[in-house]
Amino acid sequence: MAHPLVLKTAVGQHDHVKPLKDGRVRSSRVELVFEEFEPLPKAFRTMVRGSDLDVSEMAIVTHLLAHHYRKPITGLPIPLWSRLPHTNLVCPVDSPVEGPRDLAGTRVGVRAYAQTSGVWVRGFLRHEYGLDLDGITWVTMEDAHLSEYEDPANTERNTGELALRPLMMSGALAAIMGEREVDPAGIRTVIPDAQATAEAWIARTGIVPINHTLTVKTALIEDHPWLAGELMEMFEEARRIAIEDDGATPPPVYGLDANLASLQLAFAYSAEQRVTPRLYDANELYPAI
């Protein structure tokens, strides 16, 4: 009997992948050896810069840039994590900012300009609230995961020692977005009733904003044409068990058809915001399985 294909894998601590990590979902063809990264975005950088990961969760805009720079990774339409972008733009409780339009002409902080959360937030600021994104200075803390990428002209790199939250609380930034943990102490959302506003937008559009999907080294897909389908089946089974046996909150449905609109909108926002020089078709990044 042939030995299973052993793949070094990095995914986050999500309920819907626990059945894979704890061994309840197995395959005779594939063995996933999980490596933990804290914080998880370190895995994204490891994957796109060609280290020894075979399979990795990946922020979709990082995957988009990897495709643009011809990195040998392929996406699988398995949405592993999403968040409500409206809730991720925050300001101090006592800020004079009463809503998104008050950010015009201000300085707004984000960990990296090409961070997926930031792309989603800026897209909503432009299309839902009419903000001129070039009229805001986007203050960044670090570079993108792709070393080839350069931030556009409307950005400024913070060179001081303060992190995003202290910078905002000191008055140097009007608002911040894209933090991995948004502790509500002393802050509030820039968008009033952000949770309800986000849920209403999802209900109206039918789109769940996706942040992370799965990626695989392209050479593995080419060498093992069955691999993408096998991984999809394994993750689908883990999702089913997590929902039915563990009572996990259902993540978005897997598959390209169900997620194409979300991916395509994020890629459209990326092109508008000069993250990429042109609009990419999600079908290029997530081939049919």
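Visitor: Which residues does Thr116 touch, not counting those up to four places away in sequence?
Guide: Keep in mind that this is a predicted model. In it, Thr116 is in contact with Ala59, Ile60, Val61, Thr62, Ile210 and Asn211.
Visitor: And is Thr116 buried or exposed?
Guide: Buried: its relative accessibility is 4%, and the cut-off for buried is under 20%.
Visitor: Where is Thr116 found?
Guide: In helix 4, which covers residues 116-129.
Visitor: OK, what does helix 4 lie across?
Guide: Helix 4 lies across strand 3 and strand 11, and its angle to strand 11 is about 140°. Helix 3 (residues 60-68) lies across strand 3, strand 4 and strand 11, at about 105° to strand 3.
Visitor: What holds paired strands together in general?
Guide: Strands of a sheet pair through backbone hydrogen bonds, parallel or antiparallel.
Visitor: What's the strand order in the open sheet?
Guide: It goes 2-1-3-11-4, five strands with mixed pairing.
Visitor: Which are the edge strands?
Guide: Strand 2 (30-34) and strand 4 (73-82), each of which pairs on one side only.
Visitor: How are neighbouring strands of this sheet turned against each other?
Guide: By 30° on average, ignoring direction.

Note on methods
Residues are numbered from 1 along each chain as its sequence is written. This is a predicted model: local features need pLDDT of at least 70, side-chain atom pairs count only at pLDDT 80 or more; totals for chains, interfaces and linings use all residues. Side-chain values use heavy atoms; hydrogens and water are left out. Helices (H or I, at least four residues) and strands (E, at least two) are DSSP runs, numbered from the N terminus. Buried means under 20% relative accessible area, exposed over 50%, partly exposed in between (1.4 Å probe, protein chains only). Contact means heavy atoms within 4.5 Å. Two strands pair if DSSP finds at least two bridges between them. Axes are lines fitted to C-alpha atoms, for helices over the stretch in contact, and angles run from 0 to 180 degrees between N-to-C directions.
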